[in-house]
Amino acid sequence: MNNNFVAPRFFAQAIPPYTEGMRIGLLGGSFNPPHEAHRAISQFALKRLRLDRVWWLVTPGNPLKENGTLHELGARMQAARDVADDPRIEVTCLESVIRTRYTIDTINTLRRRLSGLRFVWIMGADNLAQFHRWQHWRRIADQVPIAVIDRPPQSFRALASPAAQALARYRVPETDAALLPDRPAPAWVFLTGLKLNLSSTGLRNPDGSWKGPK
């Protein structure tokens, strides 16, 4: 745990190193705590989508969740770096810098400020199941391609969700997943084959503290 964490003040300080034309996956979340599934999803996306990097966007708080047991941002940032343990995965607190908790605002800022990069939003199937509850979810889909990672047993619920049904005609075949970063939005792919199924909720004690290793 890092008790000396100081959030960067400016956008440029919060952005990981990059070069023009990079294909960047964006994985947002509370990371409360981060865990092996976050890394597995990221490495799976790196391979299947042929990404150059995945950026973990550690949010100040999730508008759809109770944040009373949310650990301090610095602790979550440091824990995320420890779990990532991969030079292709970068951890950033960008949303605390631009002062937003909504994905649409984060995406709009990144696309405006870093127009030379090709972004893909990464989410688990559990998030697709409730994507229609996100602020301006249709605008998110219009702004950036989306990769959904299957997380059994969420598959049926996710693919039957209002968002999946509304965006059905924009679904890309899984065999074309590597082309997704180059496609104009809306476009999304449902990636199967990853069998690791952990959740941050399952790694928290009732008082909100994180469970130690078994």
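This is a short tour of the structure, stop by stop, from the whole chain down to single residues.

**The whole protein**

Start with everything shown as a cartoon. The model is predicted. The protein has nine helices and six strands. Of its 214 residues, 48% are buried. Show the surface next: its accessible area is about 10,700 Å², and carbon and sulfur atoms hold 48% of that. Residues 24 or more positions apart account for 78% of them.

**The sheet**

Select the six strands: β1 (23-29), β2 (53-58), β3 (89-92), β4 (118-124), β5 (146-149) and β6 (188-191). They form an open sheet in the order β3-β2-β1-β4-β5-β6, and the pairing is parallel. Which strands are at the edges? Look at β3 and β6, each of which pairs on one side only. Turn the view to follow the twist, which averages 25° from one strand to the next.

Zoom in on β2 and β3. These two run parallel and are joined by four bridges. Pick Trp56 and look across to β3: Val91 stands opposite.

**Helix α2**

Select residues 36-48, helix α2. Check its length with the distance tool. At 1.5 Å a residue, its 13 residues should span 18 Å, and the end C-alpha atoms are 18 Å apart, so the two agree.

This helix lies across β1, β2, β3, β4, β5 and β6, and runs at about 145° to β2. Show the side chains. Ala37, His38, Ala40, Ile41, Ser42, Phe44, Ala45 and Leu46 are buried in α2. A helix has 3.6 residues a turn, so residues three or four places apart point the same way. What do the buried residues of α2 pack against? Their partners are the strands β1, β2, β3, β4, β5 and β6.

Step just past the end of α2 to Arg50. Its phi is positive, about 55°.

Go back to the loop between β1 and α2 and select Pro33. Is Pro33 buried or exposed? Its relative accessible area is 7%, so Pro33 is buried. Pro33 and Val83 are 50 residues apart along the chain, yet their C-alpha atoms are separated by 9.7 Å.

**Helix α3**

Val83 leads to the next stop. Select residues 73-84, helix α3, which packs on the sheet and touches β2 and β3. The direction of α3 makes about 155° with that of β2. The 12 residues of α3 should span 16 Å at 1.5 Å a residue, and its end C-alpha atoms are 16 Å apart, which agrees.

How many of the 12 residues of α3 are buried? Nine are, so α3 is largely enclosed by the rest of the structure. Display them: Leu73, Gly74, Ala75, Arg76, Met77, Ala79, Ala80, Val83 and Ala84. Then bring back the neighbours. The cover over these buried residues includes α2, β2, β3 and α4 (94-98).

Finish with the two ends of α3. At the start, pick Glu72: one of its side-chain oxygens reaches to within 2.9 Å of the backbone nitrogen of Gly74. After the helix comes Asp85, with a positive phi near 45°.

Technical notes. Residues are numbered from 1 along each chain as its sequence is written. This is a predicted model: local features need pLDDT of at least 70, side-chain atom pairs count only at pLDDT 80 or more; totals for chains, interfaces and linings use all residues. Side-chain values use heavy atoms; hydrogens and water are left out. Buried means under 20% relative accessible area, exposed over 50%, partly exposed in between (1.4 Å probe, protein chains only). Contact means heavy atoms within 4.5 Å. Accessible areas come from the Shrake-Rupley method with a 1.4 Å probe; for residues, only the protein chains shown count as cover. The expected span of a helix is 1.5 Å times one less than its number of residues. Two strands pair if DSSP finds at least two bridges between them. Axes are lines fitted to C-alpha atoms, for helices over the stretch in contact, and angles run from 0 to 180 degrees between N-to-C directions. A polar contact is a pair of N or O atoms within 3.5 Å; within protein, one must be able to donate a hydrogen and the other to accept it, and residues adjacent in sequence count only if both atoms are side-chain atoms.
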